[in-house]
Amino acid sequence: MIKLFLNRSIKTKIVWINVVISLIPLLLLALIFYKTSTQLLEKTMVRNADQNAGYLSEYLNKYFNSFSYSALQVYGFKSIMNLMENGSDYNNADIINVRDSLSNYYRLLQSQNEDVIKIMIYGKKNKLEESWSKADTYDAIQLGNGVPHSDELLDLPFQHTFMTTYQDAKLDQSFFVYGVTIYDPFYRNKIGTVLFFVQSRDLKKRLESYNRSPNVIVLQNSQAETFYQTSSIYEEQIKKYSVPEFPVSKVKHELNFNDKHDLLIDTSYLDHGNVQLNIVYPNTELDKNRKYILDITLLALFVVISFIYLFSLMSQQFITKPIHRLGHMMKVVRNGDFSVSLKVNDWHDDISELSRNFNFMTRKIRDLIESEYEMKLRNKEAQIIALQTQINPHFLYNTLQTIGGKAVLNGDYEIHEMCSALGDMFRYSFYEGNKESTLSLELLHVNNYLFIQKIRFEELLQAEIDVAEELMGCQTIRFVLQPFSIACNP
């Protein structure tokens with residue numbers, strides 16, 4: 001992947017580097033924006049749900065507590081309490097007072113809760129002592145006709161209530177049952193039980209009048225049984241009833257998202273903790289808003305990246321165009337034309353500096369080529385001069401050999417020896433090799449010089465050279481001994 005990128009042109013590299021470098025912070029900003037927006041939406045939803053859940057739980061708590069308060073109002077009717085504890089005695093002259101008390105009690109309950117259609121009062125031994133029906137139709141309601149937990153309803157613990165719903169087979173209607181066991185408040189001895197029956201549709205109207213779709217309400221009793229729910233689609237998301245902390249009035253309702261963050265679930269306790277209320281708030285609107293924010297974020301990111309790409313595509317011309325021009329000029333130089341030059345901008349940037357250096361390089365190369373050409377011409381002239389200078393020594397050598405040959409033919413061997421010695425001196429003097437020589441060659445040159453001088457001066461010149469044989473091969477400078485021989489010349 002890196003190699004593929006490196007093989008691209010400078011234009012492509014500049015554009016993609018700008019895009020990639022810009023993309024990283026933009027992605028971070030987009031992510032931060034999306035997270036912040038969704039968190040704000042969630043907080044708004046939590047705030048609205050918290051207000052709704054608080055209002056609904058307060059309303060339902062009052063509704064269920066009204067049954068408990070209605071049941072506990074029997075403490076104000078001594079004759080009813082006596083009826084529940086000792087049973088009915090129709091031979092007792094006080095039976096009229098009991099009937100009056102019951103009538104007053106029923107009217108009181110109706111004024112407090114108009115949804116009640118039937119009241120059943122059981123005695124200490126779980127015997128039905130009295131009942132009241134809002135209509136004759138409801139006289140057929142009996143505790144054993146499909147009412148779940150019939151036995152438990154009559155023997156609830158102290159300060160415990162129980163509620164459930166069931167389908168009455170005879171009336172073919174659904175009813176809500178609320179049971180309260182009455183105890184002696186001092187000795188906590190059971191006195192009796194009061195049961196209230198309400199049509200489920202009336203309860204549903206009250207609940208759904210304070211609920212808004214697609215929110216779901218789920219009610220559980222102390223047996224962890226769901227006795228009412230507006231929908232069962234979130235049944236697995238609802239946690240089972242658990243005994244709340246006491247006092248219940250100080251237990252705040254909990255509002256939490258589920259693991260997938262697609263549901264907001266509120267949990268609160270009603271009727272002194274005997275009912276658990278769960279309200280499920282689907283995040284349909286939140287999901288829509290999240291998707292909307294995500295679409296807006298991606299669109300903005302795409303627009304910004306496109307703008308950066310186009311801007312990089314246009315701006316790279318200021319960089320790549322001079323480089324392309326420089327590359328073209330370098331190809332021209334490579335083909336041997338050093339007369340080219342680049343136009344340099346007035347501003348001082350890297351490209352301008354590179355152009356200046358290129359012009360300096362071509363100018364310097366031209367100067368070097370010219371100087372090398374001149375040097376070659378001078379070398380040629382020097383070689384010609386050297387050849388000319390070599391002609392004269394060779395002419396002298398040949399002339400001396402000719403003279404020596406003529407002398408031998410005439411029998412004058414002394415002239416031949418002088419010519420031979422003088423030729424050897426010329427050869428040693430005009431030798432173009434190493435400037436150094438050996439001591440033996442240097443002595444030979446000196447002997448040739450002295451030989452010629454002895455012939456000239458005859459007996460007036462006497463010379464003697466004594467050098468150890470092992471020193472003959474030592475290196476020395478040429479003509480270093482000749483000054484001594486000249487100094488000895490008389």
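Colleague: Does F77 count as buried or exposed, and at what relative accessibility?

Modeller: This is a predicted model. In it, F77 has 18% relative accessibility, so it counts as buried, because the cut-off for buried is under 20%.

Colleague: How is a pair of aromatic rings described?

Modeller: Now the case here. By the pairing rule, the count is 16 aromatic pairs. One of them joins F77 and Y105. Their centres are 5.8 Å apart, with 70 degrees between the planes. That pair is edge-to-face, because planes over 60 degrees apart count that way.

Colleague: Which parts does the pair of F77 and Y105 tie together?

Modeller: F77 sits in the loop between α2 (10-72) and α3 (78-86). Y105 belongs to helix α4 (residues 95-112). So the pair ties together parts that are 28 residues apart in sequence. Y105 is buried, at a relative accessible area of 0%.

Colleague: What are the distance and angle for F158 and Y183?

Modeller: Their ring centres lie 5.7 Å apart and their planes meet at 85 degrees, so this pair is edge-to-face. F158 is in the loop between α5 (150-154) and β3 (161-168). Y183 is in strand β4 (residues 173-183). The parts tied together are 25 residues apart in sequence.

Colleague: Are F158 and Y183 buried or partly exposed?

Modeller: Take each in turn. F158 counts as partly exposed, at 24% relative accessibility. Y183 is buried, with a relative accessible area of 13%.

Colleague: Which residues do ring pairs link into a cluster?

Modeller: The cluster holds Y63, F64, F67, F176, Y178, F196 and F227.

Technical notes. Residues numbered from 1 in each chain as written. Predicted model: local features only at pLDDT ≥ 70, side-chain atom pairs only at ≥ 80, totals over all residues. Heavy atoms only, no water. Phe/Tyr/Trp six-rings, centres within 6.5 Å; stacked < 30°, edge-to-face > 60°. Helix = DSSP H or I, 4+ residues; strand = E, 2+ residues; numbered from the N terminus. Buried < 20%, exposed > 50% of the residue type's maximum accessible area, 1.4 Å probe, protein only.
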